[in-house]
Amino acid sequence: MSFDLDNLTIIQNFICTQDKRLKMLNEEVPKMSEIFKNSKFVINYNSESYLKEIKSIYTKNVNKKNLLFKNDLHSNFAKTTLSLLAEVDTDYVMFICEDFVYLKGRSHWAAVFKEMQVNNADFCMLAKIEKYTKKEWQNNYTEGNECFFYHSKNAPTNRGVVSIDGIYKKKNLVALLEELRDVKEVILCDGSVSKYVNMPNFFEQYFIDEKGMKSLDWVCCLPKELITYSYHPENQAERPW
């Protein structure tokens with residue numbers, strides 16, 4: 001097995017309907033393409049709005065031989081993401097939403113990914129690193145050189161939610177999405193019903209509590225340093241359409 005970033009495929013499945021978020025993609029995709037310059041990018045842009053601009057950002061920055069860019073408008077997030085995963089031949093995939101800022105360079109990401117593989121981790125959480133690396137969360141962690149490690153039953157996330165943003169063993173993400181594929185609605189903790197099957201949020205609304213991290217048997221890790229974080233410019237977030 002290769003321990004370098006060549007064994008990682010980048011997966012994204014998103015929309016962008018706001019100027020400020022388009023500007024953010026223009027700033028962050030070049031960073032991504034440098035960090036993961038030898039990795040395959042499998043991208044689905046699930047909208048016609050800004051399609052020309054979004055495709056141009058990726059084609060200008062990602063090596064042509066490493067880029068698969070789709071415009072699949074199917075409204076089921078799990079199904080469209082599974083179709084992306086069918087194009088993947090690496091052991092690990094990184095699913096990451098479009099609203100992340102990249103703070104560390106290629107060598108740091110490579111060190112994190114290598115340590116993840118050496119420890120046979122199933123999942124590396126990339127959401128809210130700035131929160132879950134604080135001392136108050138570390139009681140159930142084992143400290144490595146680049147990452148904190150923990151069992152999924154000790155996941156620090158609220159109600160054990162499985163974050164969509166992370167590095168997964170491909171087979172694990174496939175299994176979760178296959179379970180989610182035919183789910184039509186989720187009853188939320190306040191009793192309301194979510195039917196937003198077209199949004200990545202639906203993944204996190206489903207894989208929580210009894211279906212969340214504590215139901216899994218995963219070795220998990222979390223980068224010790226803030227290598228990336230989610231940012232909504234001027235609190236703008238994409239909404240279900």
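## Helix 3, tucked inside

Phe-77, Ala-78, Thr-80, Thr-81, Leu-82, Leu-84 and Leu-85 are the buried residues of helix 3 in this predicted model. That makes 7 of the 9 residues in the helix, which spans residues 77-85, so the rest of the structure largely encloses it.

What do these buried residues pack against? On the strand side, their partners are strand 1 (8-14), strand 2 (41-45), strand 3 (67-70) and strand 4 (92-95). Helix 6 (170-180) and helix 7 (200-206) also pack against them.

## Aromatic pairs

Searching the whole structure turns up 16 aromatic pairs. One of them joins Tyr-132 and Trp-137 edge-to-face, with 5.0 Å centre to centre and 75° between the planes. Tyr-132 is buried, at a relative accessible area of 3%, while Trp-137 is partly exposed, at 26%.

Then there's Phe-203 with Phe-207: the ring centres are 4.9 Å apart and the planes meet at 55°, so this pair counts as tilted. Both Phe-203 and Phe-207 are buried.

## A ring cluster and a lysine

Some rings join up beyond a simple pair: Phe-14, Tyr-45, Tyr-58 and Phe-69 are linked into a cluster by ring pairs.

Which residue lies over the face of Phe-148? That's Lys-224, at 5.9 Å from the ring centre.

Note on methods: Residues numbered from 1 in each chain as written. Predicted model: local features only at pLDDT ≥ 70, side-chain atom pairs only at ≥ 80, totals over all residues. Heavy atoms only, no water. Buried < 20%, exposed > 50% of the residue type's maximum accessible area, 1.4 Å probe, protein only. Helix = DSSP H or I, 4+ residues; strand = E, 2+ residues; numbered from the N terminus. Contact = heavy atoms within 4.5 Å. Phe/Tyr/Trp six-rings, centres within 6.5 Å; stacked < 30°, edge-to-face > 60°. Lys NZ or Arg CZ within 6 Å of the ring centre and 35° of its normal.
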